[in-house]
Protein chains: 2
Amino acid sequence: MTPVAAVLTEERILDAAEDVLRRFGPAKATVVDVAKALGVSHGSVYRHFPTKVALRDAVARRWLDRLAEPLDPARDTEGPAAERLLRWLERLAAIKQGMALNDPELFATFGQLTAEAREVVAAHVDHLAAALTEIIADGVRSGEFAVPDPVPAGRAVLHATARFHHPLHASEWSAPAIGAELREVWRLLVRGLAARP
Amino acid sequence: MTPVAAVLTEERILDAAEDVLRRFGPAKATVVDVAKALGVSHGSVYRHFPTKVALRDAVARRWLDRLAEPLDPARDTEGPAAERLLRWLERLAAIKQGMALNDPELFATFGQLTAEAREVVAAHVDHLAAALTEIIADGVRSGEFAVPDPVPAGRAVLHATARFHHPLHASEWSAPAIGAELREVWRLLVRGLAARP
DNA sequence: CAGCTGACAGATTTCAAACTTTGTCAGCTG
DNA sequence: CAGCTGACAAAGTTTGAAATCTGTCAGCTG
């Protein structure tokens, strides 16, 4: 919708594609729409991205990276690891649930990529599991937690809380008790991670 | 396919409807198909079930009950509660995963009912949570577990293992590591349930 | 007269033809 | 001559008319 005559960079294409996805959703967005928004022919878009799928993946990658930024464990180092873990899980849930509310079409795109088991989503999941592993390893270092290996523990915590952040469960997030349910699972998990006295 | 002239009971209609659902799936099965299989007009089916949805729910109810039978905690009382819990979770996962493989159309019906949040599925989930609560309460009685209230704990364990039995996650069940992942989550959960020395 | 039938209205689904989109590439253009 | 265009084939989607399905009910039948 802004056919400005400027160099056609990957950056500009991604911006336009994200906008088109946000407005039309994954089902209706087309490469022609993206080209139209840039004021070029759709053939030009194919000079920068080999397929529509590659373009969509690139949009998702950028956008999942942006989204995961506030989940860097280095950003919250106050208090016991158990509490940092709860805050992290609640932040993740809030991010996903907020996206589902405020950006339903981009969220639907994310859901589709997850259903298709795209590599970009696997990378995002690995990133989240690594953040959990970091918090758990930190708890082990301080003597608060005692697990043989923080890596599978991190993955297990992510799996055990799938209901609260996995896009497949989005329809369950409107239940009023969902926050209490997350805390109940967290309670069990931190007792499981905790060192014996 | 067996137009035997006999009394038209709810039982016989449910049998026929289950068969039709199994063969055609939730998307293509019609009330006319069910009537045809019974050798009656579709109007007759409506004398016994008010709507197609009610008929489908009744088939699902009967079939979920049958399916949950081997999950009665009274059927496995050997050994520590922690191990009974693992066996129960593995049995649940095996039942769901086996159904997805052997009866894909009925499983798809179940998935649809879950997505639509039908009451019949809520009852099934309550039943499963109650079974978990029973195993946990048993562990508390024997001093093996120490939780303030086994009821929310049972629900939390069911939620934390959603990835391994919830129909939304069916596509993830073909991963070879899925069994190990379940045991990893279980390990964390039983440590969380366990009494302090 | 209890239980089934079959005709019916309105809603939903199917199907095939028309149209749109994807991905390629020969050639134009600044 | 790097980068873009626009015409094209194959694949996929939309559309609307025809067919089917759902749910009702007056009347038939054993």
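Guide: Here come a few labels, each set against its cut-off.

Guide: Ground rules before that: this is a predicted model, where local features need pLDDT of at least 70, side-chain atom pairs count only at pLDDT 80 or more, and totals for chains, interfaces and linings use all residues. Residues are numbered from 1 along each chain as its sequence is written, chains are lettered from A and ligands numbered from 1 in the order in which they are written, and side-chain values use heavy atoms, with hydrogens and water left out.

Visitor: What makes up the secondary structure of chain A?

Guide: Chain A has 10 helices and zero strands, where helices (H or I, at least four residues) and strands (E, at least two) are DSSP runs, numbered from the N terminus. From the N terminus on, the pattern reads α-α-α-α-α-α-α-α-α-α.

Visitor: Why is A:His159 called buried?

Guide: Buried means under 20% relative accessible area, exposed over 50%, and partly exposed in between (1.4 Å probe, protein chains only). A:His159 has 10% relative accessibility, so it counts as buried. The residue sits in helix α8 of chain A, residues 150-160. Across chain A, 48% of the 197 residues get the buried label.

Visitor: Which residues does A:His159 contact, leaving aside its neighbours within four places in sequence?

Guide: Contact means heavy atoms within 4.5 Å. By that rule A:His159 is in contact with B:Ala160, B:Arg163, B:Glu181 and B:Val185.

Visitor: How many residues are in contact between chain A and chain B, and what area is buried there?

Guide: 25 residues of chain A are in contact with 25 of chain B. The buried area, meaning the accessible area (1.4 Å probe) that two parts lose on being put together, summed over both, is about 2,400 Å² here, with carbon and sulfur atoms giving 61%.

Visitor: How many salt bridges are there between chain A and chain B?

Guide: Zero between chain A and chain B. The rule asks for a side-chain nitrogen of Lys or Arg within 4 Å of a carboxyl oxygen of Asp or Glu. Over all chains, the count comes to 41 salt bridges.

Visitor: What makes B:Arg163 and B:Glu181 a salt bridge?

Guide: Their side chains meet at 2.5 Å, N to O, and the limit is 4 Å, so the pair qualifies. B:Arg163 lies in helix α9 (residues 162-165) of chain B and B:Glu181 in helix α10 (residues 178-193) of chain B, so the pair ties together parts that are 18 residues apart in sequence. Both ends carry the buried label: B:Arg163 because of its 12% relative accessibility, B:Glu181 because of its 18%.

Visitor: How do you know that B:Arg61 forms a salt bridge with B:Glu119?

Guide: The closest N and O atoms are 3.9 Å apart, which is within 4 Å, so the pair counts. B:Arg61 is in helix α4 (residues 52-68) of chain B and B:Glu119 in helix α7 of chain B, 58 residues apart.

Visitor: And why are B:Arg61 and B:Glu119 given the accessibility labels they have?

Guide: B:Arg61 is at 37% relative accessibility, so it counts as partly exposed. B:Glu119 is at 54%, so it counts as exposed.

Visitor: Why is B:His124 called buried?

Guide: Because its relative accessible area is 6%. B:His124 is in helix α7 (residues 119-141) of chain B. Not counting residues up to four places away in sequence, B:His124 touches B:Leu64, B:Ala68, B:Lys96 and B:Phe110.
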